Amino acid sequence: MLQSSAIALAMTALAIPASAASTAPRAASSATIHMHDFAFVPKTLTIDAGTRVTIVNDDDEAHTATAIDASFDTAGLDAHETWSHVFDRIGSFAYYCELHPSMKGVIIVRTHPASKGHS
Amino acid sequence: MNRSRFLEHVGWTGTGIAFTIGAAGSMSPMSAGAKPQSIGFVQISDSHIGFHQPANDDVAATLSETVDRINAMPVQPTFVVHTGDVTHLSKPAQFDDAKQILGRLRAPLVVMPGEHDVIGGTEAYFAAFGKAKGTGGWSSFDSDGVHFISLVNVFNFEKMGLLGTEQLDWLERDLRDRKRDTPIVVFGHVPLYALYPQWGWTTEDGAKALAYLARFDAVTVLNGHIHQVISHTEGTITFHTANATAYPQPAPGTADKPGPLVVPKDRLLKMLGYRSVKLISGETKVDESTLA
Ligand SMILES: [Cu+2]
Ligand SMILES: [Fe+2]
Ligand SMILES: [Fe+2]
């Protein structure tokens with residue numbers, strides 16, 4: 001308990017100077033989607049452009065995360081495998097599992113806050 | 001190995017029957033001898049070559065054992081049908097491994113894809129097993145007075161268990177002029193009726209296919225996908241799903257979700273195997289054999 005709150009404090013402390021330095025290139029952020037009990041968790045993920053998304057298959061069954069517009073595809077992701085991809089293009093990307101099409105999710109990619117005002 | 005060489009390799013039996021893909025897209029047997037009064041064939045399913053999980057750490061070995069047992073049958077089946085999920089992740093190396101094992105069958109082999117065989121597209125599957133000409137991969141053939149139909153219900157990636165209009169139209173034409181007393185046997189991967197839709201164990205437009213089949217006196221529908229034997233009857237249509245050669249799945253509703261079921265090794269072998277089917281003057285006899 002003590003240890004984890006110490007880490008949380010340290011992370012907060014680190015976050016402040018990073019966001020304050022608006023002109024410096026930000027370290028690429030990351031996000032994770034889990035394939036868990038035949039569902040994508042979270043079902044909707046909103047990220048800034050340039051975020052690396054890692055998809056983790058927690059199940060014993062294989063799954064895919066396949067974009068409807070074919071912009072990304074994990075292909076068959078076996079039990080406990082991971083896949084990752086940097087999302088640069090702005091937009092809303094709906095995806096599903098080819099093996100279990102009732103599994104659906106959306107990744108919403110927004111303009112990077114640091115580039116706002118420059119465009 | 002290309003399709004014709006694969007068919008050549010496995011498409012011959014000791015009794016001199018070869019299966020060829022005809023110009024019309026149907027697989028027709030060319031028998032040298034007199035027509036027997038009955039037909040016997042074997043169904044295997046869900047080999048999931050490439051699967052490496054605790055539910056079965058050697059799926060190649062259990063498929064291989066299945067092939068050995070079929071090859072040891074004193075009367076060889078007219079053909080062996082694999083009702084899909086030959087591979088786990090549609091990888092070319094997995095298709096190669098599967099063909100190495102299936103290529104040892106003494107009887108000709110008829111294959112159709114499961115959803116695990118067409119991940120990312122159908123190219124790897126068709127490259128491995130060929131494609132019936134003139135259709136999207138579905139086909140029919142006649143043998144010993146029985147009409148066999150091989151359907152594909154895994155080609156629509158946004159709906160699992162779907163035949164589609166093109167295939168349904170083909171099926172209607174395929175059946176239109178047949179006499180109602182022709183025994184019909186239908187193969188497909190995902191169950192054609194609503195077996196357990198909560199887990200996707202259904203074919204959305206399966207009822208349309210069943211409507212075309214309903215006027216026949218005796219229809220047998222053999223599916224895979226659910227990795228266990230479940231039988232069901234609707235009018236003159238009898239359904240049987242098959243055991244896998246790879247791993248079992250839970251019975252409908254007995255778990256939160258489908259997927260590989262881990263059981264002790266001795267129990268596992270009782271849940272894997274193949275099915276012998278005999279059609280004798282319109283009567284269908286189904287016999288399950290396990291690897292125990
Ligand atoms: Cu899935
Ligand atoms: Fe399967
Ligand atoms: Fe399947």
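Figure 1. His189(B) has 0% relative accessibility and so counts as buried (under 20% relative accessible area; exposed is over 50%, partly exposed lies in between, with a 1.4 Å probe and protein chains only). This is a predicted model, in which local features need pLDDT of at least 70, side-chain atom pairs count only at pLDDT 80 or more, and totals for chains, interfaces and linings use all residues. Residues are numbered from 1 along each chain as its sequence is written, chains are lettered from A and ligands numbered from 1 in the order in which they are written, and side-chain values use heavy atoms, with hydrogens and water left out. Donors here are N, O and S atoms within 2.8 Å of the metal (3.2 Å for Na, K and Ca); water is not among the atoms, so sites may look incomplete.

**Figure 2. Asp85(B) between two iron ions.** Which residue coordinates both the iron ion (ligand 3) and the iron ion (ligand 2)? The residue is Asp85(B), and the two ions are 3.4 Å apart. Asp85(B) sits in the loop between β4 (80-82) and α3 (92-102) of chain B, while His189(B) is in the loop between β8 (184-188) and α6 (206-213), so the pair ties together parts 104 residues apart in sequence. Helices (H or I, at least four residues) and strands (E, at least two) are DSSP runs, numbered from the N terminus. With 1% relative accessibility, Asp85(B) counts as buried too.

Figure 3. An α-helix has 3.6 residues a turn, so residues three or four places apart point the same way.

**Figure 4. Where chain B meets chain A.** Here 19 residues of chain B are in contact with 19 residues of chain A, contact meaning heavy atoms within 4.5 Å. The two chains bury about 1,500 Å² between them, 57% of it on carbon and sulfur atoms; this is the accessible area (1.4 Å probe) that two parts lose on being put together, summed over both. How many salt bridges does the rule find across the interface of chain B and chain A? It finds one, between Lys257(B) and Asp37(A), with the closest N and O atoms 3.2 Å apart. A salt bridge is a side-chain nitrogen of Lys or Arg within 4 Å of a carboxyl oxygen of Asp or Glu.

**Figure 5. Salt bridges within the chains.** Over all chains, the structure holds ten salt bridges. In chain A, Arg89(A) and Asp69(A) pair at 3.9 Å, N to O. Arg89(A) lies in the loop between β6 (82-87) and β7 (91-96) and Asp69(A) in the loop between β5 (66-67) and β6, so this pair ties together parts 20 residues apart in sequence. In chain B, Arg104(B) meets Asp68(B) at 2.9 Å, N to O. This pair joins the loop between α3 and β5 (109-111), which holds Arg104(B), to helix α2 (residues 59-71), which holds Asp68(B), 36 residues apart. Arg104(B) is partly exposed at 37% relative accessibility, and Asp68(B) is partly exposed with a relative accessible area of 37%.

**Figure 6. A strand-to-strand salt bridge in chain B.** Glu288(B) and Arg275(B) form a salt bridge, their closest N and O atoms being 2.8 Å apart. Glu288(B) belongs to strand β13 (residues 283-290) and Arg275(B) to strand β12 (residues 273-280), 13 residues apart. Elsewhere, Asp142(B), Asp174(B) and Arg178(B) are joined into one network by salt bridges that share partners.
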